[in-house]
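Subject: Structure for you to look at

Hi,

Here is the structure I promised to pass on.

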Amino acid sequence: MLKGLALLLCSLFAHVNAQACWCKTSPSRGLTLNCSSQGLRTIPHLPAEITELLLQDNLLTTVTPGHLDGLQHLQLVNFSGNPFHCDCSIQYLTQWLQRNKAVSVMPLCTSPAELAQRSIHELTDADFMSCVSDHCFGWLYNAILCVMLCFLIGLLLWCVQLARNSTFILGIDERHTGFEAESLRSLKPKHRVRVRYSIGSLSPGTDDMDKPLFNMDILPQILDVLNKQHNIKIKVP
């Protein structure tokens, strides 16, 4: 009953993922998934129950990292006859084959030329030196980017601190002692009255405002507060 269910599941996987694959069960070998000689360029999704995986004589050039990790019951895997390209992407298959030597028919590299006909499971770290260089270059790029970002943040903080400790001097000469303001007694524009006055007194013609707008007696106190609390110095001629 369990074998029949496993066979049904395997057949369903084979039909959905690669229609030319087929399954069979045997008392000695268990569940076999045969996808050989089908022109596959990628490995289909595989049921975890299979004990034999036949992928020989296809067009596989690499194996996606992690694709074989869930197959805990494998007794035989055949990758032979595939044109594997042994670059950085083949490292996962190399390590997987090295851990599963007893269950694999070892495939060979087809390219690049310097690694052609080498058994994939025999590749060493020396064969992947360019991958290490690429990894180091990426790490160095990230480190430089991080240092630059920290420098910019530090520069911004330094500018903020410098601005807080700076003293600003504002000079007011006689040309700017007069200024214009609007009476906002009413929100209606037609009731707004534009008046011109100077510090300490109002301009003639304002009947409802008869006291000074600014008390010059408190000017020294205001200047002192601006100087002590905000580092702002105002020079009055």
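**Asn58 and its surroundings**

The side chain of Asn58 has a polar atom 2.9 Å from the backbone nitrogen of Gln38. That is a polar contact, meaning a pair of N or O atoms within 3.5 Å; within protein, one must be able to donate a hydrogen and the other to accept it, and residues adjacent in sequence count only if both atoms are side-chain atoms. The Asn58 side chain also reaches the backbone oxygen of Gln56, at 3.3 Å.

Before going on, a word on where this comes from: it is a predicted model, in which local features need pLDDT of at least 70 and side-chain atom pairs count only at pLDDT 80 or more, while totals for chains, interfaces and linings use all residues. Residues are numbered from 1 along each chain as its sequence is written, and side-chain values use heavy atoms, with hydrogens and water left out.

Back to Asn58, which sits in the loop between strand 3 and strand 4 (76-78). Helices (H or I, at least four residues) and strands (E, at least two) are DSSP runs, numbered from the N terminus. With 3% relative accessibility, Asn58 counts as buried; the cut-offs are under 20% relative accessible area for buried, over 50% for exposed and in between for partly exposed (1.4 Å probe, protein chains only). Leaving out residues up to four places away in sequence, Asn58 touches Cys35, Ser36, Ser37, Gln38, Gly39, Leu40, Gly81, Asn82 and Pro83, where contact means heavy atoms within 4.5 Å.

**Disulfides**

How many disulfides does a search of the whole structure find? There are 3, taking a disulfide as a pair of cysteine sulfur atoms within 2.5 Å.

- Cys21 and Cys35 are joined with an S to S distance of 1.9 Å. The torsion about their S-S bond is about 125°, so this disulfide is right-handed. Cys21 is in the loop between helix 1 (2-17) and strand 1 (22-26), and Cys35 is in the loop between strand 2 (30-34) and strand 3 (52-54), so the link ties together parts 14 residues apart in sequence. Both Cys21 and Cys35 are buried.
- Cys86 and Cys109 are also joined, with S to S 1.9 Å. This link is left-handed, with -100° about the S-S bond. Cys86 lies in the loop between strand 5 (84-85) and helix 2 (91-99) and Cys109 in strand 7 (residues 109-111), so parts 23 residues apart in sequence are tied together. Cys86 is buried at a relative accessible area of 4%, and Cys109 is buried at 1%.
- Cys88 and Cys131 form a disulfide with S to S 1.9 Å. It is left-handed, at -105° about the S-S bond. Cys88 is in the loop between strand 5 and helix 2, while Cys131 is in helix 3 (residues 129-165), so this pair ties together parts 43 residues apart in sequence. Cys88 is partly exposed at 30% relative accessibility, whereas Cys131 is buried at 12%.

And what about Cys150? Cys150 is in no disulfide, and the nearest cysteine sulfur, that of Cys146, is 4.2 Å away. Cys150 is partly exposed, with a relative accessible area of 48%. Cys159 is partly exposed too, at 36% relative accessibility.

**Core and aromatic pair**

The largest nonpolar core has 31 residues, and those with the most contacts inside it are Leu53, Leu68, Phe79, Leu93 and Ile120. Such a core is a set of buried Ala, Val, Leu, Ile, Met, Phe, Trp, Tyr and Cys residues joined through side-chain atoms within 4.5 Å. Strand 2 and helix 2 are the elements that give two or more residues to this core, and helix 2 provides the largest share, 4 residues. Leu93 touches Val63, Leu68, Phe79, Phe84 and Ile120, again not counting residues up to four places away in sequence.

Two of those Leu93 neighbours, Phe79 and Phe84, also turn up in the aromatic count, which comes to 1 pair. Phe79 and Phe84 sit edge-to-face, 6.1 Å centre to centre with 80° between the planes. For the rule, rings of Phe, Tyr and Trp (its six-membered ring) pair if their centres lie within 6.5 Å; planes under 30 degrees apart count as stacked, over 60 as edge-to-face and the rest as tilted. Phe79 is buried at 0% relative accessibility, and Phe84 is buried at 0% as well.

Cheers
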